Amino acid sequence: MSLASALRTGQLDQLPGRRDEDWRWTDLRGLIRVAPPASPTVDNVAANPVLQALREPVTTYANGRMIRDDASTAPDAMRLRRFVSASNGTGHSLEASVEVAAGERLLLIDSFEGHASGYVADARFPIRVGEGARLERVVLLDDAVDAVSVSLTEVELAPGAVFHQTVLASGAKRQRFETRVRHHGGKAEVQLDGVYVLAGQRHSDQTTLVEHLQRDGVAVQLTKGVVQDQARGVFQGRIVVHPGADGTDAKMGHHALVLSDRAEVDAKPELEIWADDVACAHGNTVGALDEEALFYARSRGIPEAEARAMLIEAFLAEAADRIEHIQARELAHQWLAAQLRARS
Amino acid sequence: MLSIRELHAGIDGNQIIKGLSLEIPAGEVHAVMGPNGAGKSTLSYVLTGRAGYEVTQGTATLDGEDLLSLDPSQRAAKGVFLSFQYPLEIPGVPALTFIRTALNAQRKARGEAEVTAPAFLKLARENAAKLKMDFEMLRRPLNVGFSGGEKKRMEILQMVMLSPRFLILDETDSGLDIDALRIVSEGVNALRSPDRGMLVITHYQRLLDYVTPDRVHVLADGRIVASGGPELAHELEREGYDKYAREAA
């Protein structure tokens, strides 16, 4: 029941659809009626000026195949990966793993780029963060408006490890970014954050599952989104505290602004707790832009469009501000500003 | 300067301002006092163009220019400033960023050059010092977690920085202790000038001990029902609004 196997076998009845609880807001079965032909091999893709500015080694994938790997030579503290969909109307899948050895640190920037239209892309990302290691991952989802783009990240977090992830999504026809973390406690810390900025008829789904398997795990989550026009944002956050995972400390927040009557946000925060000594909290709000704050800003001379953009950017920036690495944080802010300029 | 004639206005179909006329010449400070529900805050919102408030009749002009057809930011660019009774918290926007954005938007609307970052910071530092504000507070999100007194000081700081031509102070004294009231009043008094007018809206006379008005008007049931000198404020403090409320009814 995955997109990758459906692409491989052509058996579309394997696709998840609205009858599957976890996919009810991201229906693929009803959407993909004809199996797309396999994406061709592509040797070259256009550069990404935003990432070029970082001057770090880049690993580039095009249509699911690695075409260039500048990173293989040097073990760097920062790695960039580009996942480019480069052909119209075709399908591909890929798997790319990352392992951060015990005690090491890595900043990983993953950029999903749609250079074509109507593609169907699937990706799997196994990640292992070793004992005492630290991985900060920033994901930019820049898919084409009519694309289907689905990915699953599975993180194995050793005791004392740290995994911070921030996903910035601008949506697609169907876009899903799912993250599952197996949390082995021992003061290990996971932070799963997200931002979505959706306009037109774009859809984006950020789904997370954090399984606390052993004692004293820490997990914090903050996702903030804004939807306008007929766009649709989906947040599903599930925290499971298994028996024996006492001392777990988990917080989950999802807050969204809905800027038009026809835009929609579907949110499902879930806590499943099988241990006694646990601190778990979640907060979820969906609302309109604060009209009073808007009037306040306008009464000081800021024109309406500028005031709206300022308030929306400030709202979303709360999540982007939590990125620790300065260059990555600036990258996220640039991305946000560009999205907000594009939608206004 | 500010000229309001036969103004009728309300919200959600309820008439709140019912034929209000008021002339505030440049260089003068006028106080509008009145009981709760008289229409004091409505007057400030109608003058600044808050959404939902509907003007059904009458005019309001600043130096002969119609205000009511302008949107709130245009009115600000013309020099109208409202100090809010309850200043809003703006999470994620540092106070300095907010004020600089506002100042440059106003300047742009007036066809003036933007203020450079160093010049702006210098001005902000000087004015914050005058208002006895910790400059670090200006780096924090505007009004978030500020006390009532700090928020009012931040209003005055914005007022000083934006240097408006016409000031509307809506219950600026509410929530202020005596020290804060003195500092805020000094800030307001420093802005008194021959080419600037002020409308001070207040329920109590307390603020008027510090910001002495040239004229005092009593607002009851949406109209000015009495006008006089500063002594009228003291009379109201002694005798209350009952007399005027009855007259208006």
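Visitor: How many bridges join strand 1 of chain B to strand 2 of chain B, and do the two strands run parallel or antiparallel?

Guide: This is a predicted model, in which local features need pLDDT of at least 70 and side-chain atom pairs count only at pLDDT 80 or more, while totals for chains, interfaces and linings use all residues. Residues are numbered from 1 along each chain as its sequence is written, and chains are lettered from A and ligands numbered from 1 in the order in which they are written.

Strand 1 and strand 2 (residues 14-24) of chain B run antiparallel and are joined by 8 bridges. Strands are DSSP runs of E with at least two residues, helices are runs of H or I with at least four, and both are numbered from the N terminus. Two strands pair if DSSP finds at least two bridges between them. Within this pair, Leu7(B) has Leu20(B) of strand 2 as its bridge partner.

The hairpin of these strands has 2 residues between them, and there Asp12(B) takes a positive phi near 50°. Asp12(B) has this positive phi although it is not a glycine. Because Asp12(B) has 8 C-beta neighbours inside 10 Å, the residue counts as exposed. Here a residue is buried with 20 or more other C-beta atoms within 10 Å of its own, exposed with 12 or fewer, and partly exposed in between, the C-beta atoms being placed from the backbone.

Strand 1 (residues 2-11) of chain B also pairs with strand 4 (residues 53-62) of chain B; 8 bridges join them, and they run antiparallel. Ile4(B) has Ala60(B) as its bridge partner in strand 4, and Ala9(B) stands opposite Val55(B) in that strand. These strands belong to an open sheet of 4 strands in chain B with the order 2-1-4-5 and antiparallel pairing. Strand 2 and strand 5 (65-66) of chain B are at the edges with a single partner strand each, so one side of each lacks a neighbour in the sheet.

Elsewhere in chain B, helix 5 (residues 148-162) has 15 residues, which at 1.5 Å a residue should span 21 Å; the end C-alpha atoms are 21 Å apart, in agreement. The expected span is 1.5 Å times one less than the number of residues. Buried residues of helix 5 include Met154(B), Leu157(B), Gln158(B) and Met161(B). An α-helix has 3.6 residues a turn, so residues three or four places apart point the same way. The buried residues of helix 5 pack against strand 6 (80-83), helix 3 (95-109), helix 4 (117-130), strand 7 (166-170) and helix 6 (178-190) of chain B. Residues are in contact if their C-beta atoms, placed from the backbone, lie within 7 Å.

Helix 3 and helix 5 of chain B pack at an angle of about 35°, with their axes 10 Å apart. Their crossing is right-handed. The contact involves Ala95(B), Ile99(B), Ala102(B), Leu103(B) and Gln106(B) of helix 3, together with Met154(B), Gln158(B), Met161(B) and Leu162(B) of helix 5. By class, these residues are 7 nonpolar, 2 polar and no charged. Axes are lines fitted to C-alpha atoms, for helices over the stretch in contact, and angles run from 0 to 180 degrees between N-to-C directions. A crossing is right-handed if the near helix is turned clockwise from the far one by less than a right angle, and left-handed if anticlockwise. Ala, Val, Leu, Ile, Met, Phe, Trp, Tyr, Cys and Pro count as nonpolar, Asp, Glu, Lys and Arg as charged, and the others, Gly among them, as polar.

With 24 C-beta neighbours inside 10 Å, Asn143(B) counts as buried.

Finally, the contact between the chains takes 18 residues from chain A and 21 residues from chain B. On the side of chain A, helix 3 (291-299) and helix 4 (304-320) are the elements that give two or more residues. That side of chain A has 9 nonpolar, 2 polar and 7 charged residues.

Key. Two residues are in contact if their C-beta atoms, placed from the backbone, lie within 7 Å.
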